[in-house]
Amino acid sequence: MQTAKNLSDYNKELREALDNTFLRGAMEKFATAYPVGRANAFREYDVNALIDEVAKVKDAGISRLNELYAEFKAKAEANGIKVHWAKDGDEANEIVARIAKENSCKKIVKSKSMTAEETLLNHRLEKDNLEVIETDLGEWIIQLRSEGPSHMVMPAIHLSRYQVAELFSQVTKQDQSTDIQRLVKVARRELRRQYAEADMGISGANFAIAETGTIGLMTNEGNARLVTTLPRVHVAIAGIDKLCGSLNDALKILRVVPKNATGQAITSYVTWISGANECQSAPGGKKEMHIIFLDNGRSEMAKDPLFAQVLRCVRCGACANVCPVYRMVGGHQMGHIYIGAIGLILTYFFHGKEKARNLVQNCINCEACKHICAAGIDLPRLIKELHSRILDEEGHPLPSLLLGKLMKNRKLFHTFLRTAKMAQRPLTGGTQYIRHLPHIFSKDHGFKALPAIAAKPFRDRFEALKPRVSAPKYRVALFSGCVQDFVYPEQLEAAVKVLGAHGVEIDFPMDQSCCGLPLQMMGEKKASIDVARQNIEAMAGSYDYIITLCASCASHLKHNYPFLLGENDAQAKAFAAKVIPFSAFMTDVLGVTDEKFTQTHQRATMHAPCHLCRGMGVVEQPRKLLALGGYEYAQAEQEQVCCGFGGTYSAKFPGVSEQILKNKLADAARTAAEVLVTECPGCIMQLRGGAELNKSGFAVRHIAEVLADHLK
Amino acid sequence: MGPTPEVLEKFRKKAELVSAIVSEVDSMAQAIAYTVDLCSQKEACQLLMSGCEESLSDKGRDLCELKQFGKIIAAPALNDADLAELVKQAASREISVIKDGMRSHLAGIDIGFTVADYGIGETGSLVIDSSSEELRLATMVSEIHVAVIPKSRIRATTEDMYDELKAFQSRKPNYLAFVTGASRTADIERVLALGVHGPLELHILILEDK
């Protein structure tokens with residue numbers, strides 16, 4: 001639940017979570033176990049094809065929700081079920097309260113429903129003195145602790161067996177052991193009594209199949225079966241997005257969700273309820289059954305060309321499972337009621353701007369969620385879009401506006417950087433790092449040594465470096481991005497050297513500026529569009545390729561430019577088509593061999609930049625290039641996990657960034673490599689700064705640099 | 001037409017992966033003998049009321065005391081001939097057989113004995129029409145669920161039984177269950193625990209029905 005009023009308060013809460021050693025350990029174990037389980041579950045399948053199917057089925061449903069609702073209602077009502085539409089959470093809660101009253105219910109057992117969490121249903125029912133008992137083990141635990149879920153599938157993942165034992169001791173007024181198997185048995189026995197006594201059962205629904213008026217429920221514990229069987233009244237509550245056309249649609253979703261959620265082929269129980277079934281405790285022997293469909297803004301969302309895809313979400317929780325920020329701080333900080341990347345988005349729509357304001361900034365933009373989503377939702381883009389929307393609605397903060405204004409004007413921006421070089425002198429002590437942070441930053445930002453701005457930017461060196469190539473194989477333009485141009489010009493120099501030696505003619509168009517990603521990260525969408533146009537103009541020469549050594553620039557230029565300028569912008573499309581990362585150009589286009597490189601077999605490990613391995617789909621090329629370049633490649637276990645930089649993210653959330661970095665460095669150290677190689681200056685800034693301060697014992701280099709070192 | 005050996009093998013493997021105990025039987029009599037053996041081999045006190053050996057609240061304990069001594073097998077949907085066979089075999093081992101009245105046994109019974117409608121090879125799941133409340137409860141409040149699945153009814157995927165599944169859902173009303181392994185949870189520290197609300201064990205008996 002979000003209570004923080006501003007970013008500073010929110011950072012304090014994040015700090016507390018970071019300092020919770022049990023939570024950190026639990027999250028860490030989960031984050032390493034989950035990908036293995038998932039990969040195993042999907043081993044015999046074409047995952048992307050399955051996910052595409054889910055997206056297709058959901059999109060088809062989203063485009064005709066009203067029609068599906070009408071069909072479902074007709075079918076279900078013919079089958080003895082009463083179907084309700086609730087325009088918002090309050091209305092849904094009132095309907096449940098009314099049903100309880102009309103049927104003289106006193107005690108309610110519930111199986112897990114995120115929708116009921118969304119509407120805070122329990123609070124409303126307790127106002128009427130109804131006793132409400134959650135029966136999902138995790139939900140029961142957090143209910144007893146008066147907490148919200150910290151994960152959509154595993155709501156009590158933040159708690160230890162010791163905490164549960166203490167809690168159960170209070171509940172049973174008996175001492176309980178901390179043995180998990182025994183604690184589960186205690187819950188079994190205590191809850192069995194509740195089912196027997198309850199007169200109403202409340203469930204969610206994972207599917208609502210229109211053609212037969214059937215609801216489908218996935219559970220592992222089997223509690224939904226008892227909840228829907230024993231009490232005389234059953235109320236199911238579901239978002240209208242759970243409607244689907246046919247059983248076939250539902251089966252396609254069922255094939256993906258358990259695998260993506262927990263690495264299970266299928267949940268232990270899948271229950272399909274069509275109509276009001278036999279119930280011996282009900283008058284007439286037939287269940288009093290209701291289904292409440294909750295709108296709560298979903299109908300409006302369905303009409304939004306960009307945000308309609310949010311309704312594809314099947315609540316598997318995978319976007320949290322792979323999120324590096326979730327891994328550090330857990331679900332209570334990485335969501336309000338809904339958790340993870342989707343939670344950041346849903347919070348804005350269901351629980352308002354107040355609750356979402358800080359959350360939408362806590363995305364490091366690593367795209368891990370986008371690539372794991374069961375329904376192919378472009379989560380990071382939607383989060384950025386919301387951030388920008390909130391700023392537009394509430395007014396942009398001054399520093400962000402100024403940055404936008406500054407970066408829109410390349411000359412002004414570059415003059416600023418050159419001036420900053422002079423201003424930093426007292427801080428660097430003549431080294432390549434900023435040795436002393438200005439006092440206001442030093443407390444939170446001192447976890448990495450920050451690089452100094454280079455004495456001479458690449459743009460001022462290029463004319464002298466430009467290789468003279470006769471009969472070039474390719475003519476390419478170099479897109480530097482601001483970090484390499486002004487901080488790490490030596491990386492570009494190395495690339496120029498290696499490319500030149502392979503017969504490539506290189507140009508460096510001087511009018512290029514920042515790619516604009518930092519602006520987008522800060523929610524300054526308009527300024528980022530202006531910058532995109534300027535860069536496309538600047539790079540308009542007749543080049544075969546536009547090469548970047550910065551993964552974030554590459555993925556922003558290639559994927560976000562066409563999005564920002566409109567999919568029909570031919571210039572943006574043609575520009576984007578030419579963009580290629582350095583390692584992909586070297587291997588896929590040039591097809592370099594090992595002949596030009598001295599083979600020292602120095603042990604090297606890699607950090608795969610988020611925007612390279614996921615953003616650009618470039619995974620094997622840098623590994624291959626490293627080997628061709630004469631290094632022994634040692635794969636780090638967490639090679640593809642974010643380094644914690646995220647551009648402006650590390651400045652906004654230094655505590656989280658620091659912890660992600662520490663984990664990353666430890667992972668790299670386990671390979672016993674002498675050098676950690678990557679292909680993004682942002683990652684280098686983070687990793688090298690961290691390695692320097694932590695005395696990690698390995699060098700951090702750009703792949704172009706290590707290749708240049710070995711060039712014969 | 002029965003399943004191919006590959007489908008059968010996959011069904012067994014997938015079911016075993018989620019800790020189901022899979023065996024093959026030649027006849028219903030053999031399936032019944034298996035079930036009665038299983039029931040009599042179990043320690044009654046452990047079998048009877050899982051959780052009752054733990055420290056419980058006073059109210060939680062009340063329900064344990066409702067349970068009478070003696071072992072019970074519930075077989076709500078069995079045909080008369082098979083039921084007679086089960087009663088006969090069970091009686092010799094001092095096990096009672098019930099086919100209804102499950103609501104008075106909510107504290108737990110030893111074994112729920114059912115015949116499944118279909119088997120799904122892809123996931124090792126059983127498809128069980130659970131429209132009868134007695135049957136639904138028998139498969140939930142039992143400590144062990146023994147399900148017989150006729151071999152000819154095991155198919156590769158849900159798509160291969162699509163018309164049949166849809167036919168179930170088109171009945172008015174219908175309660176259909178896919179059951180895969182025993183009831184499980186990992187809600188405390190992600191440690192797997194079987195039998196949180198439903199059966200602690202699932203036994204699948206593949207019945208030769210050529």
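User: Let's start with the sheet in chain B: what is the order of its six strands?

Analyst: First the general idea: strands of a sheet pair through backbone hydrogen bonds, either parallel or antiparallel. This is a predicted model, and in it the open sheet of chain B has the order β1-β12-β7-β4-β2-β3, with parallel pairing. At the edges stand β1 (21-25) and β3 (95-98) of chain B; each has a single partner strand, so one side of each is left without a neighbour in the sheet. From one strand to the next, the twist averages 20°.

User: Can we zoom in on one pair? How many bridges join β2 to β4 in chain B?

Analyst: Two bridges join β2 (residues 71-74) to β4 (residues 109-115) of chain B, and the strands run parallel.

User: Where does β9 of chain B meet chain A?

Analyst: At β9(A): this strand and β9(B) (residues 174-179) pair in the antiparallel sense over six bridges. Zooming out, 61 residues of chain A are in contact with 53 residues of chain B. Among the elements giving two or more residues to that side of chain A are α2 (21-41), α9 (161-172), α12 (247-262) and β9 (269-274) of chain A. The top contributor is α10(A), with 15 residues. By type, the side of chain A that touches chain B divides into 27 nonpolar, 21 polar and 13 charged residues.

User: How do I read helix packing, say the angle at which α9 and α10 of chain A cross?

Analyst: Two packed helices are described by the angle between their axes and the distance between the axes. For α9(A) and α10(A), the axes come within 11 Å and cross at roughly 35°, and the crossing is left-handed. Residues from α9(A) including A:Val164, A:Ala165 and A:Phe168 meet residues from α10(A) including A:Ile180, A:Leu183 and A:Val186. This contact divides into six nonpolar, one polar and two charged residues.

User: What about a helix on its own: what should α18 of chain A span?

Analyst: At 1.5 Å a residue, the 16 residues of α18(A) (residues 379-394) should span 22 Å, and the end C-alpha atoms are 22 Å apart, which agrees. An α-helix has 3.6 residues a turn, so residues three or four places apart point the same way. The buried residues of α18(A) include A:Leu379, A:Leu382, A:Ile383 and A:Leu386. Their cover includes α16 (340-351) and α27 (525-538) of chain A. Just after the helix, A:Gly395 takes a positive phi of about 95°.

User: Last one: is A:Ala608 buried or exposed?

Analyst: A:Ala608 counts as buried, because it has 25 C-beta neighbours inside 10 Å; the cut-off for buried is 20 or more. This residue lies in the loop between β17 (602-606) and α31 (610-613) of chain A. Leaving aside neighbours within four places in sequence, A:Ala608 is in contact with A:Cys613, A:Val619, A:Glu639 and A:Gln640.

Key:
Residues are numbered from 1 along each chain as its sequence is written. Chains are lettered from A and ligands numbered from 1 in the order in which they are written. This is a predicted model: local features need pLDDT of at least 70, side-chain atom pairs count only at pLDDT 80 or more; totals for chains, interfaces and linings use all residues. Helices (H or I, at least four residues) and strands (E, at least two) are DSSP runs, numbered from the N terminus. The expected span of a helix is 1.5 Å times one less than its number of residues. A residue is buried if 20 or more other C-beta atoms lie within 10 Å of its own, exposed if 12 or fewer, and partly exposed in between; C-beta atoms are placed from the backbone. Two residues are in contact if their C-beta atoms, placed from the backbone, lie within 7 Å. Ala, Val, Leu, Ile, Met, Phe, Trp, Tyr, Cys and Pro count as nonpolar, Asp, Glu, Lys and Arg as charged, and the others, Gly among them, as polar. Two strands pair if DSSP finds at least two bridges between them. Axes are lines fitted to C-alpha atoms, for helices over the stretch in contact, and angles run from 0 to 180 degrees between N-to-C directions. A crossing is left-handed if the near helix is turned anticlockwise from the far one by less than a right angle, and right-handed if clockwise.
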